[in-house]
Amino acid sequence: MSTPSSPRLAGERLRGVMRHWATGVAVVGSSRYDEQLDCVVHSGCTVNAVTSVSLDPPLVLVCLADTARTFATVRQSQQFTLSFLTEDQAEAALVFASDAPEPEKFERVPTVLLDEGPVVEGSLAHLACRVTATHRAGTHNLLIGEVCRGEHRSSGEPLLFYGGAFWERSGTA
């Protein structure tokens with residue numbers, strides 16, 4: 001006996017539904033040595049698909065598009081950082097979400113360099129991770145990272161994403 005398969009939800013319809021899920025906003029950063037340039041290069045992109053996976057061992061999950069330059073950097077370096085942005089860092093989120101050349105992004109947004117990659121200066125919190133697993137899922141990759149270290153501020157409010165826009169606790173940013 002065969003079971004009928006459920007129809008798939010069209011991508012744009014899924015996007016419309018997911019606009020009703022509020023998330024935080026983070027920047028994934030990574031660094032790698034570029035043999036052609038003979039130097040270390042940095043890459044970063046804005047994400048909202050981030051979650052804690054396990055406390056023991058400490059693991060987080062982040063989703064990056066196959067086409068993201070940052071994914072290529074993480075794939076080579078096998079490490080990444082996460083910067084959780086504050087409500088006054090919407091401009092930083094837009095810069096790292098842009099198609100601007102990577103060096104330009106880092107010229108426009110102040111960062112601090114850790115061994116695992118760059119973190120956005122003044123972020124609410126940050127994590128430094130080592131990739132333990134990568135799983136392909138459609139057009140994206142699920143990266144599982146073991147958290148090597150993390151820091152957080154004692155005050156500040158997160159930047160939120162809801163309805164296709166950035167939000168502060170007081171309303172749209």
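Q: Which residue in β10 is the bridge partner of His126?
A: The bridge partner of His126 in β10 is Glu151. Strands, like helices, are DSSP runs numbered from the N terminus (strands are E, at least two residues; helices are H or I, at least four).

Q: Before going on, what kind of model is this?
A: This is a predicted model, in which local features need pLDDT of at least 70 and side-chain atom pairs count only at pLDDT 80 or more, while totals for chains, interfaces and linings use all residues. Residues are numbered from 1 along each chain as its sequence is written, and side-chain values use heavy atoms, with hydrogens and water left out.

Q: Back to the strands. How many bridges join β9 to β10?
A: Strand β9 (residues 125–137) and β10 are joined by 12 bridges and run antiparallel. Two strands count as paired if DSSP finds at least two bridges between them.

Q: What do β9 and β10 form, and what about Gly138 in the turn?
A: β9 and β10 form a hairpin with two residues between them. Gly138, in the turn, has a positive phi of about 65°.

Q: In which sense does β5 pair with β10?
A: Strand β5 (residues 58–65) pairs with β10 (residues 140–152) in the antiparallel sense, over seven bridges. Look at Cys63, which stands opposite Leu142 in β10.

Q: And β7 with β8, how many bridges there?
A: Four bridges join β7 to β8, and the two run antiparallel. β7 and β8 form a hairpin with two residues between them. Leu114 stands opposite Gly117, a residue of β8.

Q: New topic. How many salt bridges are there?
A: The count comes to eight, taking a salt bridge to be a side-chain nitrogen of Lys or Arg within 4 Å of a carboxyl oxygen of Asp or Glu.

Q: Which residue does Asp66 form a salt bridge with?
A: Asp66 forms a salt bridge with Arg136, with the closest N and O atoms 2.5 Å apart. Because Asp66 lies in the loop between β5 and α2 while Arg136 lies in strand β9, the pair ties together parts that are 70 residues apart in sequence.

Q: What about Arg149, which residue does its side chain meet in a salt bridge?
A: The side chain of Arg149 meets that of Glu116, at 2.8 Å from N to O. This pair links distant parts of the chain, 33 residues apart: Arg149 is in strand β10, and Glu116 is in the loop between β7 (111–114) and β8 (117–120). Arg149 is partly exposed at 36% relative accessibility, whereas Glu116 is buried at 10%.

Q: Where do Glu104 and Arg108 sit?
A: Glu104 and Arg108 are four residues apart in helix α4, so about one helical turn separates them. Their side chains meet in a salt bridge (3.6 Å, N to O). Glu104 has a relative accessible area of 32% and is partly exposed; Arg108 is partly exposed too, at 46%.

Q: Which residues are linked in a network of salt bridges?
A: Arg69, Glu102 and Lys105 are linked in such a network. The C-alpha atom of Lys105 is also 9.8 Å from that of Leu94, with the two residues 11 apart along the chain.

Q: Where is Leu94 found?
A: Leu94 is in helix α3 and is partly exposed, with a relative accessible area of 44%.

Q: Last topic, the largest pocket. What volume does it have?
A: The largest pocket has a volume of about 1,200 Å³. A pocket is an open set of points on a 1 Å grid over the protein atoms alone, where a 1.4 Å probe fits, with protein on both sides within 12 Å along at least five of seven lines; lining residues have an atom within 4 Å of a point. Points are joined across faces, edges and corners, and the volume is the space filled by probe spheres set on them.

Q: How many residues line the largest pocket, and which lie nearest its centre?
A: The lining has 36 residues, and those nearest the centre are Thr46, Val47, Asn48, His140 and Phe161.

Q: Which element gives the most to the lining?
A: α1 gives the most, with five residues. Elements supplying at least two residues each include β3 (39–47), α2 (69–77) and β11 (160–162).

Conventions. Buried means under 20% relative accessible area, exposed over 50%, partly exposed in between (1.4 Å probe, protein chains only).
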